[in-house]
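The entries follow in the order I made them.

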Amino acid sequence: MRPKLVAGNWKMNGSLAANRSLVEAVRAGFPAAAGCEVAVCVPAPYLQQVGGLVQGSAIALGAQTLSEHAAGAYTGETSAGMLADLGCRYVIVGHSERRTLFGETSAQVAAKFVAADGAGLVPIVCVGETWPEREAGTTEAVIASQLDAVFAAASASRLGLAVIAYEPVWAIGTGKTATPQQAQAVHAFIRARVAARDAAAAAAVRILYGGSVNAGNASALFACPDIDGGLVGGASLKAADFVAICMAASGRELT
Ligand code: PEP
């Protein structure tokens, strides 16, 4: 049985004051023993602050990216060791915004996966197709190639300990959500791709859906057999919505 995980991706949003009220509201709304794991992936400058705010709660700390390098002359970068030092459990790797806006290649994403895993962090590795790729019928080929880059750098057993996020690029921040059927089909494909290399890893790996998850669509998505939770952008900035999504992952409704 894979425990569900809901990870919020705050992207480049927040302030000391806003972070405090958001985390306090999520803590107040979400019972500690609610039966799903929750994480918030926050901008690097706020990791220390939010690490303090989530202490003693069921909310884990995560980062949004990392360097593939361990140390050295990489101005502006943050290493896996630094994230671990700050108490991170998770780090998002290869978010589509990193791939498209910052030119991260699949090989670089794989190197970041290895760096995160090596430092004891749990990588949340993102894969997903664009709308033209879906229209062209190449969704599975695109995702296979993104996954295979990780397999080329890390063993499938390591992937089993990580998290994969299926995030169709056309659904991120657009208000267009994949239907549960569309998402389940891709999640099953991803699990089969892992199973072809390592059956135990495929059974263990959590595969999150991301792309305009909200309080209204979360339950139907999370009811699918291969959807193990969500990677949530916009809705993670609104405490009531984020709490409702976490409750949906716990199989509970807000009263
Ligand atoms: C994301 O940033 O990973 C994401 C899925 O964003 P949104 O929920 O806003 O679509």
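Entry 1, the second largest pocket. I looked up its volume and noted about 230 Å³. Of the 19 residues that line this second largest pocket, Gly-173, Ser-212, Gly-233, Gly-234 and Ala-235 are the closest to its centre. I sorted the lining by class and got 5 nonpolar, 10 polar and 4 charged residues.

Terms for my own use. The model is predicted, and local features need pLDDT of at least 70, side-chain atom pairs count only at pLDDT 80 or more, while totals for chains, interfaces and linings use all residues. Residues are numbered from 1 along each chain as its sequence is written, and side-chain values use heavy atoms, with hydrogens and water left out. On a 1 Å grid over the protein atoms alone, a pocket is an open set of points with protein on both sides within 12 Å along at least five of seven lines, a cavity is a set where a 1.4 Å probe fits but cannot get out, and lining residues have an atom within 4 Å of a point. A volume is the space filled by probe spheres set on the points, which are joined across faces, edges and corners. Ala, Val, Leu, Ile, Met, Phe, Trp, Tyr, Cys and Pro count as nonpolar, Asp, Glu, Lys and Arg as charged, and the others, Gly among them, as polar.

Which pocket holds the ligand? I found that the ligand sits in the second largest pocket (more than half of its atoms lie within 2 Å of the grid points). I counted 14 residues around the ligand, with Lys-11, Glu-167, Gly-173, Ser-212 and Gly-233 the closest (a heavy atom within 4 Å). This shell divides into 4 nonpolar, 8 polar and 2 charged residues.

I then listed polar contacts (pairs of N or O atoms within 3.5 Å). A polar side-chain atom of Glu-167 is 2.7 Å from a ligand oxygen. For Gly-233, a polar backbone atom lies 2.8 Å from an oxygen of the ligand. The side chain of His-95 has an N or O atom 2.9 Å from a ligand oxygen.

Terms used:
Polar contact = N/O pair within 3.5 Å; in protein donor to acceptor, adjacent residues only side chain to side chain.
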